[in-house]
Amino acid sequence: MDVNPKDVDIVVASHLHLDHAGCLEYFTNATVIVHDDEFSGAMKCYARNQQEGAYIWSDIDAWIKSDLTWQTIARDQDHLMLVSGVKVLNFGSGHAWGMIGLEIESEALGTLILASDAIYTQESMAPKLQTSRIIYDSIGWANSVEYIKRLAKEKNAEIWFGHGGHQFESFRKSTDGYYE
Ligand SMILES: [Zn+2]
């Protein structure tokens, strides 16, 4: 997109798994927003010198060495209004220690809920709940799916899934442009 990572002001990291948080170290002028429990968990595995599941020690090392600016969403914080029309949602523990997502009001697309890995694909939530292979808190996960489904119904929103390959095909890719 011809945007330098250094020109980005805000990065919302839904969680810190390898396939979502690699390369955060390039966003040195941004505030990186992450769930507080996710941040603590990742820093604990770093301190213990442990490779833990989907968290990569050398990724965390790169973030620390790049002196990133972090802002965390507390466990009991309902949401954070980032800018008009963009709200950070707190999904709590489930797929990971602490998951966050986004609710976006788009003029062209209506209301969107970016669920990230709280809901992998359409099949994860319907016709019945189906957890992903990586799960930290199964009860928390089921609650977060119900929360997202309820919110989507209430706001007549479209859910964008974390790993919805089929859905992804219909999205505008960075090579084609971006969403306003
Ligand atoms: Zn994940």
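The questions below go from the metal site to the strands and then to the salt bridges.

Reader: Before we start, what kind of model is this, and how are residues numbered?
Author: This is a predicted model, where local features need pLDDT of at least 70, side-chain atom pairs count only at pLDDT 80 or more, and totals for chains, interfaces and linings use all residues. Side-chain values use heavy atoms, with hydrogens and water left out, and residues are numbered from 1 along each chain as its sequence is written.

Reader: Which residues are the protein donors of the zinc ion?
Author: Donors are N, O and S atoms within 2.8 Å of the metal (3.2 Å for Na, K and Ca), and water is not among the atoms, so sites may look incomplete. Along the chain, the zinc donors follow the spacing H-x1-H-x77-H-x21-D. Lying 2.1 to 2.4 Å from the zinc ion, they are His15 (NE2), His17 (ND1), His95 (NE2) and Asp117 (OD).

Reader: Are histidine 15 and histidine 17 buried or exposed?
Author: Buried means under 20% relative accessible area, exposed over 50%, and partly exposed in between (1.4 Å probe, protein chains only). Histidine 15 and histidine 17 are both buried.

Reader: How many bridges join strand 2 to strand 3?
Author: Strands (E, at least two residues) and helices (H or I, at least four) are DSSP runs, numbered from the N terminus. Two strands pair if DSSP finds at least two bridges between them. Strand 2 pairs with strand 1 (residues 10–12) in the parallel sense over 3 bridges. With strand 3 (residues 69–73) it also runs parallel, and the number of bridges there is 5.

Reader: Why is strand 2 largely enclosed by the rest of the structure?
Author: Strand 2 spans residues 31–35. It is largely enclosed because the buried residues among its 5 number 4.

Reader: What does arginine 75 meet in a salt bridge?
Author: A salt bridge is a side-chain nitrogen of Lys or Arg within 4 Å of a carboxyl oxygen of Asp or Glu. The N to O distance is 2.9 Å, and the partner is aspartate 37.

Reader: How many residues apart are aspartate 61 and lysine 65?
Author: Their side chains meet in a salt bridge (2.8 Å, N to O). Aspartate 61 is buried at 12% relative accessibility, whereas lysine 65 is exposed at 63%. Both lie in helix 3, separated by about one helical turn, which is 4 residues.
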